[in-house]
Amino acid sequence: MTPTSPQARELRISGVVQGVGFRPFVYRLAHRHHLTGWVLNDECGVAIHVEGSSQALDAFGEDLQREPPVAARIDSIDVQAIDPIGLDAFLVRESAPRNSPTARISPDIAVCDDCVRELFDPCDRRYQYPYINCSNCGPRLSVVLALPYDRSHTTMFSWTLCHACLREYQDPGNRRFHAQPMACAECGPGYTLHEGTSVVADSAAAILRAAALLKHGSVIGIKGLGGYHLACDAINQTAVSALRTRKFRKDKPFAVMVRDVEAARRIAAVSREAEMLMMTAARPIVLVPRTAELPHVAPDTSDLGLMLPYSPLHYLLFANGAPEAIVMTSGNRSSEPIAYEDADAFERLHGMADAILVGERAIARRVEDSVARASSGGSRILRRARGYATDAVAELRSATPILALGADLKNAITLVVGGQAIVSQHIGDLEHYDATRAFEEAVRDLINMYALEYPDVIVAHDLHPEYKSTVFARALPAAVHRGVQHHRAHVASVLAERGDTTTRCLGIAFDGTGYGDDGTIWGGEFFVGSVATGLHRVAHLRTASLPGGDAAARYPLQAAAGFLSEFSDAAKMGRHPFSFGRRYDHARDLIAADIRVFPTTSIGRLFDAVAALVGFDREVTFEGQAAVWLEQIAAPSETRLSAPFEFRDAELDFRPALRAVVDWRMDGREPSDIARGFHRGLAVGVADAARQICAARGIHTVVLSGGVFQNELLLASVRDQLSPGLRVWTNEKVPPNDGGISLGQAALVARGTNGVRRCAIV
Ligand code: ZN
Ligand code: ZN
Ligand code: FE
């Protein structure tokens, strides 16, 4: 064979390669290198057949890896030399028939710059068309009904492309070549504005009127990519307070959408890192320090959650005169799942929204906005949904598919199929009936999408016998059910993200609540081991009494009564400066009588107790509220105070630290300094414990996870205390809170352990 005689290669590419303009990209590359053959989407990703000179084939292969489409992510390319067939053209072929799909669904992608330019170009066919998109941008997860990703498998299937659109769709040189959700005003869906039971405007007039209503202080329901939002002018106090009342949402902060970065800078201190994160194609809500007074938007916190417009409709609203900062909160009543089906949205938003802007394109599944934070150590995801889900976050080898169902708070589920761990979008807190239904829907959705049958699936779940997710998991007709302890799953989630199953490490899991091996409430745990060998509990926070058990999470005063019960002078907390009142006294009575008192090692509850001592004596209305409050008041303090923790006999003793906090308060120290002193002391204590454990066992890596490590102040101080000397690993792709639990469960079960010891999996 001479170097110029035609050769052929077959390439199979896996990763995020469907719905991101990959086939048009391959088509253009093949033409550039004068190759013949074809490209198609199959269940595993993209398959390519190319024929040409060996030089051209090499160059094609290099370009393929060097310049893939922006939203694509190649995980592996498998190349085989085969016999040439003698083809005379390069084609994009129809997808291969379904078998058992493992291809991944691209997350939704914010509208790209090219599309925005066309959106505002009066000469363009799609001038002001709210559903403009192309193969580099637009909806994906929120429109996919089945795999492989083709128009007939999306919620756009019922709109037939007009001639002009079809020409673009079929032209390999066009940006919209095979852009599945593409459309135009001529052939695609539109928007209408509803007030009461009547449609008052459509198309451009609907958007113009919605923008005007926002400007005049109304609350508007807006159908977006993955669900309905409730929106109002963020600067208009009356509007924001009306929204809070109607939504039954007391204190939990609202997210704000700003017209552009300049508008963001007028109300918050947006760092360079935060700006970059806000501008990524995922367009998450980014937490930044607030600089303007925005009453009712984010009480109790100096952080503000800001996001930039991400759908063409958002751009149009701002261009049509909507206020430059609008509250954009999920369309639901407090803690219900976001509404995404039209009929349901009308019913639920009735009475909350003055008008509803409804788009005709159906939403395939709920996808809420993601929440992230940019910090010196990189960006951290706190709620993983639109823009990130359901991108696979890790490779986990398992011959049998694994379905891991997570925990009941901040639920997300993980499916391991074809060696990939696919983590679902954030589902929510399963304490409400609607959220449980949404959870069951999400499980069904994922199982159907990958054409799995239960007897062939291993199901992993939390150990808590009363979790809805546990009860649901145990009722599934799966091959094997495997319970995984909550805090081991937290630690394993970090290791799974890094693809590390063997490094022996110290894993520290701090959170509010998790069911322990012994049935007590854990939450301040130290483990030694790896994903492959299991994680052995080696130390924990000193056990305290918690009157009321898990229910105590609502009342920091109850936690305070529990943690202080070992102090002989604890009864005096009824007087100045504490004035704890009846709830505290009642909790003390429970402890004295030993009624409904539970042992706990929860750091989250310790934070609650300290928050109560420093002045937070209300009920909390969302998870972690008191701890967030404590972090916020600590942040500005420059005190050198440090509340001492002692580490002895595998126990981190909080008593000296609590004693210091009580004394400082009695001495009239500033709450801000006390809060800061508690943070510093805890960081020093944790680091001291970590160093002792690591030194004794020859360990060099410390893993930090659990909801408490969303606390930036604590995380940064623990990091500082541990380095140099110890390597610190934290979550990057999934949240450190319970949103990451399912990934950890899957990782432990994939390695044939339940986190405690190896166990046979049939
Ligand atoms: Zn685009
Ligand atoms: Zn069209
Ligand atoms: Fe947790």
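Visitor: Is C187 buried or exposed?

Guide: This is a predicted model, in which local features need pLDDT of at least 70, side-chain atom pairs pLDDT 80 or more, and totals for chains, interfaces and linings use all residues. Numbering starts from 1 for residues along each chain and for ligands in written order, with chains lettered from A, and side-chain values use heavy atoms, without hydrogens or water. Buried means under 20% relative accessible area, exposed over 50%, partly exposed in between (1.4 Å probe, protein chains only). The relative accessible area of C187 is 11%, so C187 is buried.

Visitor: What arrangement do the four donor atoms around the zinc ion (ligand 2) make?

Guide: The SG atoms of C162, C165, C184 and C187 are the protein donors, 2.2 to 2.4 Å from the zinc ion (donors are N, O and S atoms within 2.8 Å of the metal, 3.2 Å for Na, K and Ca). Four donors count as tetrahedral if all angles lie between 85 and 135 degrees. Here the angles are 105 to 115 degrees, so the arrangement is tetrahedral.

Visitor: What spacing do the donors of the zinc ion (ligand 2) follow along the chain?

Guide: C162 is in the loop between helix 3 and helix 4, and C187, 25 residues apart from it, in the loop between helix 4 and strand 6. The spacing of the donors is C-x2-C-x18-C-x2-C.

Visitor: How are helix 13 and helix 21 oriented to each other?

Guide: Their axes, lines fitted to C-alpha atoms over the stretch in contact, come within 7 Å and cross at roughly 85 degrees. Angles of 65 to 115 degrees count as roughly perpendicular. Helix 13 and helix 21 are therefore roughly perpendicular.

Methods:
Axes fitted to C-alpha atoms, helices over the stretch in contact; angles between N-to-C directions. Helix = DSSP H or I, 4+ residues; strand = E, 2+ residues; numbered from the N terminus. Parallel < 35°, antiparallel > 145°, perpendicular 65-115°, else oblique. Tetrahedral: all angles 85-135°; square planar, octahedral: opposite > 155°, others 65-115°.
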